[in-house]
Amino acid sequence: MSPTLLHSKIRIPFIQRKCIDRPRLVTRLDRVFTSKLTIVSAPAGYGKTTVLTQWAASSKHPIVWYSLEAGDNDRTRFWIYVATALKAQNDSIGNSALSLLSSSTKSSIEMILTSLINDIVSSGKMLVLILDDYHLITNQKIHDDITFLLHHLPQYLRIIIASRAKLSLSLGRLRAHGQLNELHMDDLRFAVTESLMFFNNLIGTDLYDKRIEKLSEQAEGWIAGLQLIALCIKDRSQVNRILNGFKGHHQYIADFLLEEVLNQQDQTVRSFLLQTSILERMCGSLCESITGISKSSMILEEIEKDSLFTFPLDEEKKWFRYHSFFQTLLLNQLKKSQPERLAELHHRASLWYEKNDYPTRAVDHALAAGNKDRAADLIEANAVHWISKGEMIAMIRWLDSIEESLIRSRPEICIIQGFLSIINPFEGSFDIIEQRIQDVKNAMESEVFNTAPRSYQTRIMRSVACLQASLDQGRGESPEDMIDLLENTLKTTEGDDDLLQNTLALNLTITYRETGDAKAACKTINNNIKFDEPGGFDFFKTYGAYLLALMKYEQGDLKEAANICQRIINRYESDQNLAKADIPVLGAPYMCLGAVLLEMNQVNKAEKYLPKGFELLKVLCDFDTLLVGYGALIRLKTAQGADFTEVTRIINEMSRLGPEAEKYGAVLKIQYLWSHHEQNSNWIAAIGLIMRQYDFGIENQPLFPGIDHPGQRHHEQQICVVRFLIFQQSAMATQNHQSKMSKMMNFLNQKLQLAKDRELFTRIIQIRILKSQLMYANGKIKDALAELRPALSLARNRGFFRIFIDDGESLIKLLKLAVAQGIHREYTTRLVQALKHDDKSNSIHSESATSSVLLEQMSEREVQVLRLVAAGLSNREIAEELYLAVGTVKKHLYNIYGKLNVNRRTQAVSQAKKLSLL
């Protein structure tokens with residue numbers, strides 16, 4: 001269900017009567033087609049809209065117009081209007097975007113904009129999009145969306161933005177490349193000759209007066225002020241009185257002309273103007289409803305005809321608006337003269353908007369009327385629809401304006417605010433959620449609640465359980481306590497409330513995964529989310545299928561994991577309506593299927609699914625699943641022979657998601673370097689630097705780690721540490737060598753037993769591989785092969801392949817020994833051949849990868865010092881050049897030597913040149 005649109009907002013306003021031509025501005029606007037963006041910026045009343053309508057009337061290309069208002073700060077609503085306006089000019093544009101915007105599955109705006117851009121490119125026809133009154137947009141995310149659109153603007157689209165205020169957009173690049181066309185107040189203001197023409201057009205006579213010239217100068221060409229004065233001049237006999245009576249500037253014009261304009265109207269019109277000043281947009285029926293004046297439509301037409309700052313918004317002249325300055329004057333006068341009428345007028349407006357299916361405006365006027373209970377009723381009635389469509393900004397604003405006592409007295413409002421705080425987290429959101437949970441619990445003890453229908457009570461109690469689970473997850477509470485809470489609540493929802501049941505089931509599944517109980521996680525999904533049954537395609541079925549497939553993967557059942565993903569994908573691709581739209585949540589099964597196929601070494605097939613899934617995951621913006629996608633994509637790129645530069649680019653992109661993503665990026669970087677570390681001895685040094693930077697080490701980790709959120713990032717980090725320590729200990733025969741080897745073996749044995757208890761066969765294979773490498777490094781070749789044999793057996797029978805290949809060259813000697821001894825000879829031979837192929841395809845990237853890593857680890861100052869050392873400068877000369885103390889230079893040199901694994905200046909320069917750092 002799409003929101004009801006005011007189509008007058010996306011139509012070009014009429015050019016008002018008696019407007020003077022401004023050819024110099026029209027010529028300036030013609031530069032639109034050689035610029036990506038044109039800005040028309042000036043204070044209110046400088047004729048921005050008028051000159052744009054004049055230019056639009058003369059344009060040879062289709063014009064897409066969007067008149068903005070404060071309510072358009074909701075991103076979804078904003079882009080629905082834009083897409084609808086584009087579609088009105090070209091029916092081939094915007095269909096997919098509108099489908100995504102209207103879908104119950106939340107899509108990212110970036111994906112929607114991409115769809116619009118592609119449609120415009122395919123159309124091959126020039127369009128100009130005009131965003132009028134853009135200063136009313138205060139949502140930074142919409143500013144970011146416009147910036148994204150400008151950065152990817154197709155050649156067939158140009159944008160014009162009219163605004164009173166400076167734009168919150170990044171315009172430096174456009175300005176630097178000459179792609180920005182700007183008209184400001186100095187360009188728009190009336191020249192003296194234009195002011196004279198303007199006056200003469202309005203009063204219908206030829207007039208020249210030095211006082212008009214002076215007035216124009218004082219008003220700085222402010223067209224609205226000049227228009228107000230001209231309206232007071234009914235005939236030539238009033239010129240002297242009006243012009244002599246003016247002595248002030250902008251604000252005085254307003255004060256002066258309030259009486260001169262408003263008081264010139266008859267009582268009916270004056271009353272109509274004051275009462276309707278509470279409306280941003282108005283039609284006859286709405287005005288009649290709030291004023292009680294039966295001829296409201298006729299009055300609207302009359303005041304528009306008389307140029308009383310009333311502008312038609314559609315060709316039928318059904319909807320109108322006042323000039324914002326005029327509306328402000330009227331509203332201020334209403335507050336002064338009839339303050340007792342404000343609440344009543346707003347209440348009537350709220351009733352009309354609700355009856356005519358404009359619930360957001362109904363809430364605004366209910367709040368303006370001071371009727372918070374009515375506003376709460378409207379929010380409760382429409383919240384599910386608004387949340388499902390992503391229209392939540394207004395809800396947050398409304399709830400912030402409602403008294404705490406009223407929110408606490410209404411359980412459903414408490415729950416709505418709690419869920420909004422989860423969906424749109426902010427500092428202190430957990431405290432609000434906790435408070436709302438307590439408020440609902442308090443309400444549940446009241447007589448009113450206990451006498452309410454049983455269905456209502458049940459829904460409230462279950463919703464509280466969901467809020468509690470989300471709060472506990474966010475605060476890292478005990479998973480065991482969460483399981484008890486979710487299980488008990490889930491039992492009461494069976495066969496009753498599908499939406500709540502699915503929500504609880506997903507939360508319970510994820511919580512089971514955190515404790516490593518894959519069996520219970522699978523059982524929860526199978527018992528509660530019937531993703532194979534016919535019915536609507538929704539988030540829960542798709543994401544539930546993904547979680548089940550992920551569990552099967554961790555249990556070592558690659559075929560079933562692939563089968564689950566394939567079934568959900570087939571269902572999507574076989575539905576013509578669904579296949580036409582990109583549904584973000586489908587990225588999860590696409591990505592998972594690609595990852596499974598990659599593990600089975602079906603790289604070409606993985607390429608078909610994994611990248612597509614990853615792009616959809618970017619739109620889904622689910623943090624944990626997105627990190628799984630990044631990890632899988634890097635594995636794919638590595639299998640395809642990508643160099644370290646490309647891998648680093650992906651990792652850096654992921655790291656921008658936050659500290660946890662940055663840490664996981666370090667793990668993925670280590671994995672890449674380790675898989676090829678024998679190609680260059682410096683790679684080990686690079687790995688060591690990364691591990692020290694992020695404080696990786698077994699001693700910092702619990703001995704019995706659970707399974708993290710999807711991706712098992714904690715486990716992967718530990719695997720990286722163990723691999724490095726195995727190499728380090730095997731290369732250094734220190735006194736405590738045997739002791740550290742023993743500790744690592746104990747650690748791996750504990751992890752292996754944990755994996756066996758949980759029947760996590762993927763992890764069993766991985767840990768046995770590590771144990772065999774540790775034994776081999778310790779000279780126990782026979783024991784190493786004995787440990788490798790069951791890993792090979794499990795892997796071969798279940799279709800695993802890259803779990804060995806991705807371990808890199810460090811495993812090839814062991815596998816060759818396994819081939820020689822006939823241990824699954826055919827399978828191990830294929831593994832050795834694959835490892836050799838990977839070695840050959842990646843060897844050319846070794847030096848560049850090492851240099852990239854080391855350069856990343858050096859500070860900017862260290863790089864500067866290194867370059868000056870290479871230039872032959874002494875420590876003192878370097879200190880003078882960089883304005884540093886000599887002692888500071890020495891500290892930088894000490895750090896450089898450690899990172900390059902050298903001891904002297906000459907060695908540092910030689911090594912840096914070898915690695916292309918200089």
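Tutor: Let us begin with strand 3, which is mostly covered, since six of its six residues are buried. The model is a predicted one, and the description that follows should be read with that in mind. In a regular strand the side chains alternate between the two faces of the sheet. Strand 3 can be read in this way: Leu127, Leu129 and Leu131 point one way, while Val128, Ile130 and Asp132 point the other way, and all of them are buried.

The next step is to look at what lies beside the strand. Strands of a sheet pair through backbone hydrogen bonds, either parallel or antiparallel. Strand 3, residues 127-132, is joined by five bridges to strand 4, residues 157-163, and these two strands run parallel. Along this pairing, leucine 127 stands opposite leucine 157 in strand 4, and leucine 131 stands opposite isoleucine 161 in strand 4. Strand 3 also pairs with strand 2, again in the parallel sense and over five bridges. Here leucine 129 of strand 3 is the bridge partner of valine 64.

These pairings belong to an open sheet of five strands, arranged in the order 2-3-4-1-5 with parallel pairing. Its edge strands are strand 2 (63-67) and strand 5 (180-183), each of which pairs on one side only. From one strand to the next, the twist averages 15°. A helix also belongs in this picture: helix 3, residues 75-89, lies across strand 2 and strand 3, and runs at about 150° to strand 2.

From here we can turn to helices that pack against each other. Two packed helices are described by the angle between their axes and the distance between the axes. For helix 5 (residues 109-123) and helix 6 (residues 140-151), the angle is about 35° and the axes are 10 Å apart. Their crossing is right-handed. Helix 5 contributes Ile109, Glu110, Leu113, Thr114 and Ile117 to the contact, and helix 6 contributes Asp145, Phe148 and Leu149. Sorted by class, the residues of this contact are five nonpolar, one polar and two charged.

A single helix can also have two contrasting sides, as helix 48 shows. The buried residues of helix 48, which spans residues 875-882, are Asn875, Ile878, Ala879 and Leu882. They lie on the same side of helix 48, because they cover an arc of only 100° around the axis. An α-helix has 3.6 residues a turn, so residues three or four places apart point the same way. On the other side of helix 48, Arg876 and Glu880 are exposed.

Finally, consider one residue by itself. Valine 603 has its place in helix 34, residues 603-620. Buried means under 20% relative accessible area, so valine 603, at 18% relative accessibility, counts as buried. Leaving aside residues up to four places away in sequence, valine 603 touches Leu598, Leu636, Ala639 and Gln640. Of these, leucine 636 is 33 residues away from valine 603 along the chain, yet their C-alpha atoms are separated by 7.3 Å.

Methods:
Residues numbered from 1 in each chain as written. Predicted model: local features only at pLDDT ≥ 70, side-chain atom pairs only at ≥ 80, totals over all residues. Heavy atoms only, no water. Axes fitted to C-alpha atoms, helices over the stretch in contact; angles between N-to-C directions. Helix = DSSP H or I, 4+ residues; strand = E, 2+ residues; numbered from the N terminus. Left-handed = near helix turned anticlockwise from the far one by under 90°. Contact = heavy atoms within 4.5 Å. Nonpolar A, V, L, I, M, F, W, Y, C, P; charged D, E, K, R; others polar. Buried < 20%, exposed > 50% of the residue type's maximum accessible area, 1.4 Å probe, protein only. Arc of directions from axis to C-beta. Pairing = 2+ DSSP bridges.
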